[in-house]
Amino acid sequence: MKKIFLTLTVALLSVGLYAQKYAFVDTEYLMKNIPAYESATQQIEQSSKKWQKEIEALNSEAQTLYKNYQAEMVFLTDEQKKEKEKEIVAKENEASELKRKYFGNDGELFKKKESLMKPIYDELYNALKGIAEAKGYSAIWDRATGMIMFVNPNIDISDDVLNRMGYAK
């Protein structure tokens with residue numbers, strides 16, 4: 001019994017020597033208290049609403065053209081029908097292209113978010129890194145998203161894993 005107790009005590013002490021310090025932050029709380037974030041969010045929202053109205057206007061024009069086409073169809077020649085159909089399709093394509101331009105993967109909204117938010121995120125990361133280094137934290141988790149916000153590179157064991165697997169650099 002004494003051997004088990006002694007072994008357990010030594011094991012706990014050795015784990016304690018290598019214990020890492022961790023911290024948590026709440027980015028939702030942080031962002032609510034950063035005035036630049038609120039301002040950037042409002043600018044993004046205003047631009048988004050403006051662009052959405054432009055797209056809706058084009059879609060509305062396309063719908064109006066289609067309704068007019070439906071009402072006039074019986075009076076139109078085949079050539080006139082084709083011309084009206086082309087006009088409708090062109091308006092729909094224009095709306096789709098504008099939507100892609102504003103809201104696509106590399107669209108204006110993405111670029112605007114990037115330009116306005118990146119400085120805020122960089123400032124947050126640098127603050128987290130500074131606190132982690134000053135207080136000896138190995139990692140900082142975000143309570144709001146569950147993501148790791150900062151990890152001390154000294155605790156990265158990726159190269160050790162590769163070595164163990166036989167894939168040393």
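Residues 24 or more positions apart make up 65% of the contacts (heavy atoms within 4.5 Å) in the chain with a separation of 6 or more. The model is a predicted one, so to speak of local features takes a pLDDT of at least 70 and side-chain atom pairs count only at pLDDT 80 or more, while totals for chains, interfaces and linings use all residues. Residues are numbered from 1 along each chain as its sequence is written, and side-chain values rest on heavy atoms, with hydrogens and water left out.

Now for the overall layout. The chain contains six helices and three strands, taken as DSSP runs (H or I of at least four residues for helices, E of at least two for strands) and numbered from the N terminus. Following the sequence, the pattern reads α-β-α-α-α-α-β-β-α. Of the chain's 169 residues, 19% count as buried, that is, under 20% relative accessible area with a 1.4 Å probe, protein chains only.

The three strands make an open sheet with mixed pairing, in the order E1-E2-E3; two strands pair if DSSP finds at least two bridges between them. Strand E1 (21–25) and strand E3 (148–151) sit at the edges with a single partner strand each, so one side of each has no neighbour in the sheet. From one strand to the next, the twist averages 20 degrees. E1 and strand E2 (residues 137–142) run parallel and are joined by five bridges. Valine 25, for instance, has aspartate 142 in E2 as its bridge partner.

Then there are the helices. H5 lies across E1, E2 and E3, at about 50 degrees to E3. H3 and H5 pack at about 180 degrees, their axes 10 Å apart; axes are lines fitted to C-alpha atoms, for helices over the stretch in contact, and angles run from 0 to 180 degrees between N-to-C directions. H3 and H5 are therefore roughly antiparallel, a label for angles over 145 degrees. Among the residues that meet here are Tyr37, Ile44 and Trp51 in H3, and Leu109, Leu116 and Tyr121 in H5.

Helix H4 (residues 78–103) has 26 residues, which at 1.5 Å a residue should span 38 Å, and its end C-alpha atoms agree with that at 37 Å apart. The expected span is 1.5 Å times one less than the number of residues. In H4, Ile88, Lys91, Ala95, Leu98 and Tyr102 are buried, and the buried residues of H4 pack against helix H3 (35–72) and helix H5 (108–135).

How values were computed:
Buried means under 20% relative accessible area, exposed over 50%, partly exposed in between (1.4 Å probe, protein chains only). Angles under 35 degrees count as roughly parallel, over 145 as roughly antiparallel, 65 to 115 as roughly perpendicular and the rest as oblique.
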